[in-house]
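The sequence and structure come first, and the description follows.

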Amino acid sequence: MKDTAIVIGGSASGLITATVLSKYFKNVFIIERNVYKNNESAVNNRQGHQPHIVMQRGYEILNQLFPNFMKEFEEEEKEKNRILNQLDQFRFTKFVFNGKVLSNAGGKMGPCLLWTSTRGEIESFIRRRMERDLKNVKFYDGYQVLNNQVHVESILDKNGKEQVKVTGVTIARTDNQQQQDSATNSTSNQQQDSITINCDLLVNCGGLGSRTLCKNIESKLNKTMRKSFTEFKIRYESIYFKVKEDVKLLPNNRLSISKLLEKEKDSASRNVGDDFTCVYHPLMYPNMKSFLVFPVENNKIIISLISSCDHVERVNNLTTMNAKEKILNYVKGTPLEEDMINILNICKEEADSVHPPYEKLGNEYNHYEELFPVSQFLATGDSVGSLNPVYGQGIASAFDSAILLDDKIKNCNKVDSIFDSDFCKEFQQQLYYAYFIPWLLAVTGDFSYTTKYSNNLWWQKLLNPVMQFLTDRMFEAGNKNIMGTFYFVTLLTMRDGYRKLLFNINWLALLFARELKVLAFIVPTVVLAAVLQYC
């Protein structure tokens, strides 16, 4: 067991990474620049009130790190009259693609779960479990690492080659922390203006902008970290409504917020009038507008309007009094209109609350795997890759990064080589491979909307028509039958990993059923023609 690990960033990725490291270090310090507030996200000013989805993979990781995590989380939510929505294979989820609703696999082929909640609720419960179970983890709330305060030194490796070693950080109080101290007259011994902490490992789990913390490392290496990006800005506007008293409740006291429409009756395993507790029209090309709706309490729902910033104007002057009118104007004349009208019909006239919009620039990936040789330094979560959440795989991918690190440490044969430059480089390379498929899925839609992207992505832009076709076919396969939905949801929830499923014969047959039928006719015909030609 090593002495000290420092994790920069106290949101979802930082919390899970610190939890993993607590098994291998006597002390783990989490540095978070914002002041913690219960049930609010560390990134509350940006997206704390926006809806978030925990995929099956994320669910499994949380239960692996914290036994009975999801059960306790759900029980706590019930005590507060809040709902942690479990969406089992789209049984009560209306996932609409090109006017078609995904089939209902209904748990017939094994569990594939998604959980919906707000980011603040998820992060707060993780933090409370950490404070209860992990006594060697300490939080420095309201502190930040300045750009030139990551301490590094040059050393020689075992082969006599020069490399960079990270030895610690100096953290300083933020303005938010100083204001809180003044308001509360805090005298905690933690409240020093600046603190220098030496460490055996520094992990960057901050946002994408935290790449600037690597200035000292880049200077020592005489390198500049490369960034891949697609610039497709998406806006999220969240409005909370209480529903009318006579709204129907589904099993487990879930609200019925929508039904299957007559024009959607061709979807497999669905009947006109079937109830749904969650409705999602994803932002997929060529659509410029979309929305996500699900219950957050037994009598309250969240409506999240999702749109392209470059093609759709912001919903201005949105208030609780005019929210219904503004939302109806937003969906007017679009395929979203009928669903939204039915949803608003169950809501009270005045919205319960309206939250500031959050705008996300696009997909970005910082190539930490190229910033080496560096020892005692790693990067995970949003500091490495941030994906537009069309598929909701961001949190699960961040959690998976921490499990990848855990496995890497466990499988390291030489204790002395843990966190040396080779170890760190190999981990970042493995992380790059892990993000590759989610990245392809996310940027495929972006390329169809925008021409702004980093030069190194020219090959993805070139292949984008093929990728767009494959993505569309993937969604279409989910409409065909129960098996198609099962494989689609398994891919979406990351249950078995991306590569395993992408090369599953049954799944590929479903994706290309039409082409296989054509090939079944063409191939024998060609063979017969060849035989006749040479006879």
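A residue is called buried when its relative accessible area is under 20%, exposed when the area is over 50%, and partly exposed in between, using a 1.4 Å probe and protein chains only. Cys347 counts as buried because its relative accessibility is 0%. Cys424 is buried as well, with a relative accessible area of 0%. With a disulfide defined as a pair of cysteine sulfur atoms within 2.5 Å, the count comes to 0 disulfides.

The model is predicted: local features need pLDDT of at least 70, side-chain atom pairs count only at pLDDT 80 or more, and totals for chains, interfaces and linings use all residues. Residues are numbered from 1 along each chain as its sequence is written, and side-chain values use heavy atoms, with hydrogens and water left out.

**Overall picture**

The pLDDT, the predictor's confidence in each residue from 0 to 100, averages 82 over the protein, and 81% of the residues score at least 70. Over residues 182-190 the pLDDT is below 50, and this stretch has 8 contacts in the model beyond near neighbours in sequence; a contact means heavy atoms within 4.5 Å. Where pLDDT is low, the predicted coordinates should not be read in detail.

The protein has 17 helices and 27 strands. These are DSSP runs numbered from the N terminus, with helices (H or I) of at least four residues and strands (E) of at least two. Of the 535 residues, 55% count as buried. Among contacts between residues at least 6 apart in sequence, 74% join residues at least 24 apart.

**Helices H3, H4 and H5**

In helix H3 (residues 56-65), the buried residues include Gln56, Gly58, Tyr59, Ile61, Leu62 and Leu65. Their cover includes helix H1 (12-21), strand S3 (51-55), H4, strand S7 (114-118), H5 and helix H10 (394-410).

The axes of H4 (residues 69-79) and H5 (residues 119-133) come within 11 Å and cross at roughly 115°. Axes here are lines fitted to C-alpha atoms, for helices over the stretch in contact, and angles run from 0 to 180 degrees between N-to-C directions. On the H4 side the contact is made by Phe69, Glu72, Phe73, Glu76 and Glu77, and on the H5 side by Glu121, Ile122, Phe125, Ile126, Arg128, Arg129 and Arg132. These residues divide into 5 nonpolar, no polar and 7 charged, where Ala, Val, Leu, Ile, Met, Phe, Trp, Tyr, Cys and Pro count as nonpolar, Asp, Glu, Lys and Arg as charged, and the others, Gly among them, as polar.

**Ile327**

Ile327 lies in helix H8 (residues 323-331) and counts as buried at 0% relative accessibility. Leaving aside neighbours within four places in sequence, Ile327 is in contact with Ile239, Phe241, Ile303, Leu305, Met340 and Leu344. Ile327 and Ile239 are 88 residues apart in sequence, and their C-alpha atoms are 9.4 Å apart in space.

**Backbone features**

Most residues other than glycine have a negative phi, and most peptide bonds are trans. The table lists some departures.

| Site | Backbone value |
|---|---|
| Tyr285 to Pro286 | cis, omega near 10° |
| Phe372 to Pro373 | cis, omega about 15° |
| Asn317 | positive phi, near 55° |
| Gln376 | positive phi, about 60° |

Pro286 lies in the loop between strand S19 (278-281) and strand S20 (289-297). Pro373 is in the loop between strand S24 (363-366) and strand S25 (374-375), and Gln376 is in the loop between S25 and strand S26 (377-379). Asn317, in the loop between strand S21 (300-308) and H8, is exposed at 64% relative accessible area, whereas Gln376 counts as buried at 14%.
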